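Please open the model in a viewer and follow the selections below in order. Each stop names what to select and then describes what is found there.

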Amino acid sequence: MTAIKHALQRDIFTPNDERLLSIVNVCKAGKKKRNCFLCATVTTERPVQVNVVKVKKSDKGDFYKRQTAWALRDLAVVDAKDAVKESPEFDLHFDKVYKWVASSTVEKNTFISCIWKLNQRYLRKKIDFINVSSQLLEESVPSGENQSVAGGDEEAVDEYQELNAREEQDIEIMMEGCEYAIANAEAFAEKLSRELQVLDGANIQSIMASEKQVNILMKLLDEALKEVDQIELKLSSYEEMLQSVKEQMDQISESNHLIHLSNTNNVKLLSEIEFLVNHMDLAKGHIKALQEGDLTSSRGIEACTNAADALLQCMNVALRPGHDMLHAVKQQQQRFSDLREQFARRLASHLNSVFVQQGHDQSSTLAQHSAELTLPNHHPFHRDLLRYAKLMEWLKNTDYGKYEGLTKNYMDYLSRLYEREIKDFFEVAKIKMTGTTREGKKFATLPRKESAVKQETESLHGSSGKLTGSTSSLNKLSVQSSGNRRSQSSSLLDMGNMSASDLDVADRTKFDKIFEQVLSELEPLCLAEQDFISKFFKLQQHQSTSGTTNEVEEVDGVALSRSYTSGVPQTVSSEKDMIRQMMTKIFRCIEPELNNLIALGDKIDSFNSLYMLVKMSHHVWTAQNVDPASFLSTTLGNVLVTVKRNFDKCISNQMKQMDEVKISKKSKVGILPFVAEFEEFAALAESIFKNAERRGDLDKAYIKLIRAVFDSVEKVANESQKTPRDVVMMENFHHIFATLSRLKISCLEAEKKEAKQKYTDHLQSYVIYSLGQPLEKLNHFFEGVEARVAQGIREEEVSYQLAFNKQELRKVIKEYPGKEVKKGLDNLYKKVDKHLCEEENLLQVVWHSMQDEFIRQYKHFEGLIARCYPGSGITMEFTIQDILDYCSSIAQSH
């Protein structure tokens with residue numbers, strides 16, 4: 001161990017100016033690892049630093065390296081584990097507990113003893129040595145003797161001490177003077193002994209020679225002691241004199257302390273009083289305003305508002321601990337509470353009277369709106385009430401019961417007022433919508449009493465539930481015996497007397513304007529009332545998006561927005577819900593009145609549902625962009641569902657009527673009424689739905705209607721007895737194709753192509769069927785020729801057949817001179833003219849197609865003559881040019 005200690009001192013600690021005092025070979029408890037050394041060291045420079053260093057043998061060689069160092073001042077506890085039983089384990093508590101196992105108990109005890117001595121000498125720090133034998137710890141000694149004792153201990157502990165530089169130099173000088181000492185150590189030691197004896201003798205002689213000086217020094221010391229005694233006597237007298245002064249100063253100090261304490265308490269008391277006075281004192285002017293303030297004038301309302309705010313501040317002041325125990329504070333709080341209750345009652349009573357008074361003023365102006373399609377303006381009413389908005393906020397914060405009562409009273413009163421206004425408004429709208437009867441008479445629009453208006457409106461509906469002046473153009477479809485479309489379509493009217501030309505284009509435009517005006521009047525009315533409610537009752541219209549989700553629901557194809565608040569009941573869970581509930585209570589009559597108006601418009605003319613769908617969709621879209629969950633958006637969305645159902649019902653009724661159509665057996669069909677009405681419907685719908693939001697609904701209706709039209713045309717054509725099936729199909733699909741081409745409806749492109757194809761196919765079929773075989777005998781002759789060729793006879797040998805020789809051919813040709821051909825064509829033209837209708841004007845198209853077909857047959861006969869009878873010189877008695885002339889002259893003559 002000494003060799004290891006020497007090596008560590010030389011290699012590790014001497015370069016760092018440290019001295020190694022103790023060493024112990026250890027390993028970590030519970031782990032089988034290579035051993036290391038804990039070293040107790042001190043620095044050679046002052047101030048002395050004491051460290052515990054962990055040294056470990058390097059993995060790459062046989063030399064040691066410094067791994068960790070702890071300052072002894074950071075050591076808190078030394079735990080030897082057992083003070084009686086010898087154990088190599090011990091713990092050192094630095095920033096954490098380090099558990100060690102020494103190689104031997106002796107090394108552990110020596111290392112712990114060294115730690116204790118270093119602490120006593122350099123640190124004097126309280127390190128707890130627990131489970132350590134008292135023999136290892138030396139008793140504490142006085143501080144004067146501590147250094148020498150500790151020095152001796154250190155020398156005892158230090159088994160090896162290296163020479164410093166000065167000692168090394170002195171030894172070298174001495175050995176240079178005695179070179180032989182290297183060879184003869186005994187002679188060198190004897191010489192040193194003799195020199196030491198000589199020095200001791202010289203010292204004794206010097207001491208004896210200075211005895212006289214010692215005596216003089218002793219005398220001086222005696223005199224100094226006497227002087228010290230005199231000074232001590234004077235100091236004692238001074239101390240007695242100052243003793244009384246000290247007592248007086250102590251009394252003065254104690255008195256000053258009491259004065260300072262009293263002054264501090266007075267300052268604190270003044271601060272508390274000032275706090276209470278400043279924060280709980282209500283000015284007399286405010287008290288007077290709360291008790292007697294004028295709530296009718298703007299100045300009085302402002303004074304009451306300021307007084308109410310001041311009262312609220314006084315009542316909401318945050319009292320310091322103990323203030324609520326003061327009697328004066330309790331009295332003031334009770335006074336504030338009485339003032340608040342008194343002013344709240346006075347304010348609620350006044351506002352209720354204001355509601356009633358404003359209502360009477362509003363009702364007085366209702367008569368002037370009865371004949372006009374306008375709603376009364378509530379802006380003056382709102383403007384007067386908004387002066388009390390701050391007081392309502394105060395009432396909401398201080399007395400919610402009275403605030404809630406005012407809210408209910410406002411809703412109850414306003415709901416009755418708005419109900420009268422809105423019902424009168426809708427009655428005027430209904431009268432304006434039904435202002436034209438079937439006979440063309442106008443209803444009077446002069447002001448009238450509410451009962452008279454209601455009675456007249458009810459009479460318009462009739463006892464059977466149908467409006468007397470209904471002009472729905474697609475209610476019943478039937479084909480009349482007359483040949484023109486005007487007489488046919490006159491039966492399509494609901495009541496049966498109005499022709500299509502007299503239909504309600506102007507009435508529909510008027511209805512559209514009236515319906516738009518109704519919505520345009522309702523929308524600002526609702527928005528203004530909602531804005532007023534929000535401002536007057538201090539309710540927030542817009543909430544933060546957290547916790548609130550908007551959900552889009554589709555009802556009957558109508559997208560409606562619904563708002564849900566997560567984690568909150570669907571009652572009055574927020575101020576936004578309260579606004580919506582108030583609006584629903586106040587305007588509870590809007591939705592049923594709108595539904596009644598929509599039902600009336602649908603009875604007047606089913607086409608009105610198109611106008612209503614477009615207008616209502618636009619207003620719903622506008623309202624949802626502002627606030628998807630507002631009352632206006634929700635109400636208009638619900639009404640839009642009804643409008644969409646009426647629109648779907650209108651389309652379904654038209655399809656049903658198409659399916660039930662009956663045709664006359666004695667008159668030609670021509671353009672079917674529902675085909676013409678589809679054209680009217682499509683033209684009207686395109687003009688209405690231009691740039692509309694609900695275009696998709698119309699496209700779906702188009703698809704359903706056009707398929708129903710196609711099927712119904714097929715059905716009527718199959719049932720037709722007077723008019724050939726091909727003519728019915730050709731004319732009607734030509735009309736459909738022309739309509740779709742003119743209107744350019746993108747969703748019906750496939751149907752347009754289909755209509756064109758059906759028209760072309762049936763035109764060709766009718767031409768072939770009607771033309772038939774105008775040269776019947778000639779046609780039969782050449783059919784026989786083609787049959788012989790088909791049996792294998794060569795074409796040039798057909799003329800040798802007895803029944804088909806040249807003579808027979810000439811005989812057949814002579815039966816069809818030009819005059820007969822022209823006569824046959826003239827009869828054919830009359831037949832076609834009888835089949836076709838005038839509205840579609842397809843006579844010339846069909847006649848031209850027949851001309852082409854006749855020329856095709858003529859060319860076919862000429863070809864057979866040229867192939868089967870070559871060189872015979874046989875020709876028809878009329879030419880192609882003759883055919884063209886015959887057809888042209890016939891067309892011109894008719």
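Select helix H2, residues 105–123, in this predicted model. Helix H2 lies across strands E1, E2, E3, E5, E6, E7 and E8, and runs at about 140° to E1.

Next, select helix H1, residues 2–13. Helix H1 lies across E1 (18–28), E2 (36–43), E3 and E4, at about 115° to E1.

In what order do the 8 strands of the open sheet follow one another? The order is E4-E3-E2-E1-E7-E6-E5-E8, with mixed pairing. Strand E4 (64–71) and strand E8 (128–130) are the edges, each pairing on one side only. From one strand to the next, the twist averages 30°.

Move to strand E3, residues 50–57. Strands E3 and E4 run antiparallel and are joined by 7 bridges.

Then select Cys27, Cys36 and Cys39. The structure holds 0 disulfides. The Cys27 sulfur has its closest cysteine sulfur in Cys36, 7.6 Å away, and is therefore too far for a bond. For Cys39, the nearest cysteine sulfur is also that of Cys36, at 9.3 Å. Cys27 counts as buried because its relative accessibility is 18%; Cys39 counts as buried at 0%.

Finally, return to the whole chain. Its secondary structure comes to 28 helices and 10 strands. Of the 894 residues, 41% are buried. The chain exposes about 49900 Å², 52% of it supplied by carbon and sulfur atoms.

Notes. Residues are numbered from 1 along each chain as its sequence is written. This is a predicted model: local features need pLDDT of at least 70, side-chain atom pairs count only at pLDDT 80 or more; totals for chains, interfaces and linings use all residues. Side-chain values use heavy atoms; hydrogens and water are left out. Helices (H or I, at least four residues) and strands (E, at least two) are DSSP runs, numbered from the N terminus. Buried means under 20% relative accessible area, exposed over 50%, partly exposed in between (1.4 Å probe, protein chains only). Accessible areas come from the Shrake-Rupley method with a 1.4 Å probe; for residues, only the protein chains shown count as cover. A disulfide is a pair of cysteine sulfur atoms within 2.5 Å. Two strands pair if DSSP finds at least two bridges between them. Axes are lines fitted to C-alpha atoms, for helices over the stretch in contact, and angles run from 0 to 180 degrees between N-to-C directions. Contact means heavy atoms within 4.5 Å.
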